[in-house]
Amino acid sequence: MNSVILCEGKTDAILISYYLISTCNWEYANKGPAGLDIAVENPNIEVNWYKKNEDYLLIFGVGGKDNFENIYNKFVKDPILNYDEVGNFSKLVIIRDKDENDTQYLVELNNQITGFDSENQKWKNCTYIDNFSMEQNIDVLTIIIPDDGQGALENVLLSSLAEDDYDENIVMRSSQFIDGFEGSADKYIYSKRLKIKAKLGTTLAVIFPDRVFTEIDKFLLSVNWNKYKIISDCFGLLKKI
């Protein structure tokens, strides 16, 4: 069985892979199954295969919220429609950052792209007709993060760190520190998204000062995110892959 997760960017892909490796025993694979050779030469896009027993999982950081449709049509749609039992996907997950959008709007946007009737935080079995006029089944899941409020994955990570009473104060003061640069650091922090990233980076640097010069992907992988309830609530349904 082959599954695919489409998420917004590298940070999402790194955290999701870490979560599934540490909780479900997935292992990194150098390549995917026969018939599903996917090559992407774009530094903004993260593409990695994982394997567990005979099952394969593709985690695809699509390179931004406006690139889901392009990636789906180019790399995911054909394997689903040209069903051959080997080079196909039987489970599809699309994970989006909520930002300032309405959750239902984003769910419907996913459904428009894929043609499947998904729901937020709920697996649904969908039937479709493939290119050989045969009826097939696929399990589909949409995850909009955070589940309540506005923001992105970085907000979820900050909220997770704040679960600890001691670290909650550090999260708050790091956020206030970054807010204090309003109007004087616009050259570097010129969007809400970058401000959130700066708050997360500052918080992590205070809590883990010995890792501050580590590359961000290795930094994120070094944190035991599994102990945080918010992370489990957010990604728990992925354990069914």
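Predicted model: local features only at pLDDT ≥ 70, side-chain atom pairs only at ≥ 80, totals over all residues.
Student: OK, let's do α5. How far apart are its end C-alpha atoms?

Tutor: Helices here are DSSP runs of H or I with at least four residues, strands are runs of E with at least two, and both are numbered from the N terminus. The expected span of a helix is 1.5 Å times one less than its number of residues. Helix α5 covers residues 165–179, so its 15 residues should span 21 Å, and this agrees with the distance between its end C-alpha atoms, 22 Å.

Student: Which residues of α5 are buried?

Tutor: Buried means under 20% relative accessible area, exposed means over 50%, and partly exposed is in between, using a 1.4 Å probe and protein chains only. On the other side of the helix, D165, Y166 and R173 are exposed. The buried residues of α5 are D167, I170, V171, S174, S175 and I178.

Student: Within what arc do the buried residues of α5 fall?

Tutor: The arc is taken from the directions from the helix axis to the C-beta atoms. The buried residues of α5 are D167, I170, V171, S174, S175 and I178. Seen down the axis, they line one face of the helix, because they fall within an arc of 135 degrees.

Student: What do those buried residues of α5 pack against?

Tutor: Contact means heavy atoms within 4.5 Å. I207, which lies in helix α6, touches L161, D167 and I170, leaving aside residues up to four places away in sequence. For the buried residues of α5, the packing partners are α4 (153–161) and α6 (192–207).

Student: How many of the residues in α4 are buried?

Tutor: The buried ones are L153, E154, V156, L157, L158, S160 and L161. That leaves α4 mostly covered, the count being 7 of its 9 residues.

Student: And α6: which helices are included in what covers its buried residues?

Tutor: In α6, the residues I196, A198, K199, L200, T202, T203 and L204 are buried. Their cover includes α4, α5 and α7 (216–221).

Student: Switching to loops, is V62 buried or exposed?

Tutor: V62 is found in the loop between β4 (55–61) and α2 (68–81). Not counting residues up to four places away in sequence, V62 touches L6, C7, E8, I45, N67, F68 and I71. V62 and C7 are 55 residues apart in sequence, yet 6.2 Å apart in space, C-alpha to C-alpha. With a relative accessible area of 0%, V62 is buried.

Student: What is the nearest side chain of opposite charge to K98?

Tutor: K98 sits in the loop between β5 (91–97) and α3 (103–114). A salt bridge needs a side-chain nitrogen of Lys or Arg within 4 Å of a carboxyl oxygen of Asp or Glu; for charge, Lys and Arg count as positive and Asp and Glu as negative, while His and the chain ends are not counted. K98 is buried yet has no salt bridge, and at 6.2 Å the nearest side chain of opposite charge is D102.

Student: Then with which side chain does K98 make a polar contact?

Tutor: A polar contact is a pair of N or O atoms within 3.5 Å; within protein, one must be able to donate a hydrogen and the other to accept it, and residues adjacent in sequence count only if both atoms are side-chain atoms. At 3.5 Å, the partner of K98 is the side chain of T103.

Student: Which residue meets R193 in a salt bridge?

Tutor: The two side chains meet at 2.5 Å, N to O, and the partner is D97. R193 lies in helix α6 and D97 in strand β5, so the pair ties together parts that are 96 residues apart in sequence.

Student: Last one: which residues are linked with R193 in a network of salt bridges?

Tutor: The salt-bridge count comes to 11. Among them is K229 with D233, at 2.7 Å, N to O. The network that holds R193 also links E8, D97, E154 and K197.

Note on methods. Residues numbered from 1 in each chain as written. Heavy atoms only, no water.
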